[in-house]
Amino acid sequence: RSLSDLLIDIKHGLLSQIRAQKKALKRIGKHYDAIIAIGDVFCLYMCSNAAKQCFFLPTAKSDSFMPHSWLERQLIKRWAIKSYPRDKATCNSFKSYKVNSDYFGNAMMDGLLTSEKAVEATEEELVIGILAGSREEAYENMAKITDVCAAIQKKETKPCIFVAAIAPSLCTDKLAKHCRMSLKESNRHSGKIMHNDSLSIHLSGHFLRVINQATFIIGLSGTANEQAMHIGKTVFAFEGCGTQSTLQRFHEQKKLMNNALIVIEHTNSNDIASDILAHNEAPSDSKSSQKSDAAKAIIQDIVKQYNAT
């Protein structure tokens, strides 16, 4: 959505990367009867060059905050046998423009519930989940979140346990360095702890355990934020350090999730912490989601469509 960002990407090898991706997809596509493209219309275009039959899960856009353009809908009709939008509103919009589509639920919300714990905690302790993201900006985001956690710990009367769900793409040593903290083994779970003289944050590779156990979530993430909200958790977001964690994106995410996300406009860590604790005192009417089998229904329909063609 930014010309300057596009030019930076081109400078850093975007065009050669696209060429390499197209070659790889064509090489892989020879071995398969169909491809499921998950993402945006550009993803669909790339996949359509690699397979005769292509199905589309448009996860990047929604009528809730960013509808597909007329041109995008025409390209989807041309390249995809059938599409499976992430929400009913987008599906209804597709159908009104004669785009072959059905809504069976959002597959990203399947299999999110678990009773397993990310960390040992007593009933008196407040478990605060952290989602910093999975991209490069997550390191700086985690440093900002760490400052907020330190402020929360000073203000909150209850004992707090901070647990961060760490994506496999992140390096824990680099994370600790960015947060000016040390690493040690945890005695409450199988992961590690980032710590300094005043604060400890448990690092967990078990995302589902973290979002299910947490009392509330501090999230500067994308899909992970949405998944936590889907199971009824209150998620707090504030401006992060990259293109994936801007206030604009979080306000769009808020619309996407029916205003379930609480976006904090403050930039000062103490003010952010005060807002989080003030909102957390209010009773929540959110409820945990029921079991979702959207992916199963989508795959069954894809098989039916494939057989029909």
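Reply: Let's start with how far apart in sequence the touching residues are: of the contacts between residues at least 6 apart in sequence, 62% join residues at least 24 apart. Here, contact means that heavy atoms come within 4.5 Å. Please keep in mind that this is a predicted model, in which local features need pLDDT of at least 70, side-chain atom pairs count only at pLDDT 80 or more, and totals for chains, interfaces and linings use all residues. Residues are numbered from 1 along each chain as its sequence is written, and side-chain values use heavy atoms, with hydrogens and water left out.

The chain is built from 12 helices and 11 strands, where helices (H or I, at least four residues) and strands (E, at least two) are DSSP runs numbered from the N terminus. Its radius of gyration is 21 Å, close to the 19 Å that the globule rule gives for 309 residues, so the chain is as compact as a globular protein of that length. That radius is taken over C-alpha atoms, and the rule is 2.2 Å times the number of residues to the power 0.38. Along the principal axes, the C-alpha atoms fill a box of roughly 60 × 45 × 35 Å. Of the 309 residues, 45% count as buried; buried means under 20% relative accessible area, exposed means over 50%, and partly exposed is in between (1.4 Å probe, protein chains only).

Now for the close look, at helix H9. Helix H9 covers residues 223-230 and packs with helix H10, residues 247-256, at an angle of about 35 degrees, with the axes 11 Å apart. Axes are lines fitted to C-alpha atoms, for helices over the stretch in contact, and angles run from 0 to 180 degrees between N-to-C directions. The crossing of H9 and H10 is right-handed, the term used if the near helix is turned clockwise from the far one by less than a right angle, with anticlockwise making it left-handed. On the H9 side, Asn225, Glu226 and Met229 make the contact, while H10 brings Phe250, Gln253 and Leu256. By class, that contact has 3 nonpolar, 2 polar and 1 charged residues. Nonpolar covers Ala, Val, Leu, Ile, Met, Phe, Trp, Tyr, Cys and Pro; charged covers Asp, Glu, Lys and Arg; the others, Gly among them, are polar.

Setting aside residues up to four places away in sequence, glutamine 227 touches Met108, Met109, Leu112, Phe207 and Ile211. Histidine 230, also in H9, is partly exposed, at 28% relative accessible area. The C-alpha atom of histidine 230 is 10.0 Å from that of methionine 108, although the two are 122 residues apart along the chain.

Serine 83 is buried, with a relative accessible area of 1%. Beyond its neighbours within four places in sequence, serine 83 is in contact with Phe56, Ile76, Phe94, Val99, Asn100, Ser101 and Asp102.

Lysine 98 sits in the loop between helix H5 (88-96) and strand S4 (126-131). Lysine 98 is exposed, at 67% relative accessible area, and has a positive phi of about 60 degrees although it is not a glycine. Arginine 180 also has a positive phi, near 55 degrees; this residue is in the loop between helix H7 (172-178) and strand S6 (182-185) and counts as exposed, at 61% relative accessibility.

Finally, the cysteines: a search of the whole structure finds 0 disulfides, a disulfide being a pair of cysteine sulfur atoms within 2.5 Å. For cysteine 54, the nearest cysteine sulfur is that of cysteine 47, 5.1 Å away. Cysteine 54 is buried, with a relative accessible area of 2%. For cysteine 149, the nearest cysteine sulfur belongs to cysteine 160, at 8.8 Å. Cysteine 149 is buried too, with a relative accessible area of 0%.
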